[in-house]
Amino acid sequence: MLHTVKHSPFSHQALAHALAALQPDDQLLLWQDGVIAATVGQGQAFLWQAPLQALANSRRLYVMAEDVQARGLSLTIGLPISMSEWVALVATWGSPQAW
């Protein structure tokens with residue numbers, strides 16, 4: 001299953017809920033303000049960093065590149081994707097679980 005998170009982890013629990021619900025083969029896409037979780041500096045101790053790193057290591061963490069750019073941020077983890085690549089993910093995995 002494809003899960004999507006669009007809220008900042010600093011203002012909403014959506015990322016925590018999504019991470020708790022993920023199954024071993026699930027994929028996660030961060031978009032809109034959700035990309036903030038993938039752009040915070042390495043070495044900072046946020047609860048979501050270890051699970052996101054594990055997803056990134058297994059190439060199951062995607063981050064909307066356009067949303068990272070629009071916020072003037074730099075991606076530190078995950079695979080940057082475009083809108084057309086997101087469409088391909090939905091075509092592969094079916095309707096996503098939105099958080």
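So, Trp86: at 12% relative accessibility it counts as buried, where buried means under 20% relative accessible area, exposed over 50% and partly exposed in between, using a 1.4 Å probe and protein chains only. Keep in mind that this is a predicted model, where local features need pLDDT of at least 70 and side-chain atom pairs count only at pLDDT 80 or more, while totals for chains, interfaces and linings use all residues. Residues are numbered from 1 along each chain as its sequence is written, and side-chain values use heavy atoms, with hydrogens and water left out.

Okay, aromatics. Rings of Phe, Tyr and Trp (its six-membered ring) pair if their centres lie within 6.5 Å; planes under 30 degrees apart are stacked, over 60 edge-to-face, and the rest tilted. That rule gives us four aromatic pairs. Take Trp31 and Trp86: ring centres 4.8 Å apart, planes at 55 degrees, so that pair is tilted. Trp31 sits in the loop between strand S2 (27-30) and helix H2 (49-57), and Trp86 in helix H4 (residues 83-93), so the pair ties together parts 55 residues apart in sequence. Helices (H or I, at least four residues) and strands (E, at least two) are DSSP runs, numbered from the N terminus.

Then there's Phe46 with Trp48: centres 4.7 Å apart, planes at 5 degrees, so they're stacked. Phe46 is partly exposed at 25%, and Trp48 is buried at 11%.
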